[in-house]
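Visitor: I would like to learn how to read a structure like this one. Please take me through a few features in turn.

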Amino acid sequence: HGVLRKGATGKPLTPDITQERGQAYLEALITYGSPAGMPNWGTSNALTKDQITLMAKYIQHTPPTPPEWGMAEMKNSWKVLVKPQDRPKKQMNDLNLPNLFSVTLRDDGKIALIDGDSKKIVKTIETGYAVHISRMSASGHYLLVIGRDARIDMIDLWSKEPAKVAEIKVGIEARSVETSKFKGYEDKYAIAGSYWPPQFTIMDGETLEPKQIVSTRGMTVDKQEYHPEPRVA
């Protein structure tokens, strides 16, 4: 529904709409879901009756605006665990990297690296919450993963045992990360899009040092109205 509940994948849930529907309607919708894709939070036992009552009351109020997340916050979260000069210059293990799978262990806050040849788990690695995307760098040296909490982890796949070498948090909520693959720029940059704040961040491709933040807030094309939440997916 969007951070500000103005509508995204789900429909808008602003107070003018939810208050008109009323408490009983909202509780039923949350409990049983809808054919349009709303999950049945109640009958699936994901939420208790009391929690559903509280949620129905909550969405009848104006949603609070989350805090911003700028360069200062990013740099404060940024960590280089192994410097580039201390990393291997060639693959030091026998993994078949083109057939290595990065599998999200959603609620555990981890990924599992699985050998596609043997189907065995090579290693599990702690990450951000509910990793949404795993991306291999152009050289195959690094695997970048990003959680829904906007934390990015860079994993060195060439070391004797795959391990994290850098991490950063680029926002409050995010979904996507990618590395530069254009000829001449291989592994030079990384880019991540955030749901909140609505922006994308360009980083150094070997350290994840944040270089530039670009906001996507602005005027809509059709009605020329200000859009506060054009999230980057």
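Predicted model: local features only at pLDDT ≥ 70, side-chain atom pairs only at ≥ 80, totals over all residues.

Visitor: Which domains does the assignment give?

Guide: Domain bounds come from an automatic or database domain assignment. Here the chain is assigned domain 1 (15-65) and domain 2 (71-218). Taken over C-alpha atoms, the centres of domain 1 and domain 2 are 35 Å apart.

Visitor: How do helix 2 and helix 3 cross?

Guide: Helices (H or I, at least four residues) and strands (E, at least two) are DSSP runs, numbered from the N terminus. Axes are lines fitted to C-alpha atoms, for helices over the stretch in contact, and angles run from 0 to 180 degrees between N-to-C directions. The axes of helix 2 (residues 23-32) and helix 3 (residues 49-58) come within 9 Å, crossing at roughly 125 degrees. Helix 2 is therefore oblique to helix 3; angles under 35 degrees count as roughly parallel, over 145 as roughly antiparallel, 65 to 115 as roughly perpendicular and the rest as oblique. Contact means heavy atoms within 4.5 Å. Helix 2 contributes Q23, L26, E27, I30 and T31 to the contact, and helix 3 contributes I52, T53, M55, A56 and K57.

Visitor: What is the strand order in the open sheet of five strands?

Guide: Two strands pair if DSSP finds at least two bridges between them. The order is 1-8-7-6-5, with antiparallel pairing. Strand 1 (79-80) and strand 5 (133-136) are the edge strands, each pairing on one side only. Strand 6 (residues 142-146) is antiparallel to strand 7 (residues 151-156), over five bridges.

Visitor: Is T201 buried or exposed?

Guide: Buried means under 20% relative accessible area, exposed over 50%, partly exposed in between (1.4 Å probe, protein chains only). T201, in strand 11 (residues 199-204), is buried because its relative accessible area is 0%. Beyond neighbours within four places in sequence, its contacts include M74, V170, P210 and Q212.

Visitor: Where is Q212 found?

Guide: Q212 lies in strand 12 (residues 210-215), and its 44% relative accessibility makes it partly exposed. Setting aside neighbours within four places in sequence, Q212 contacts M71, F200, T201 and I202.

Notes:
Residues numbered from 1 in each chain as written. Heavy atoms only, no water.
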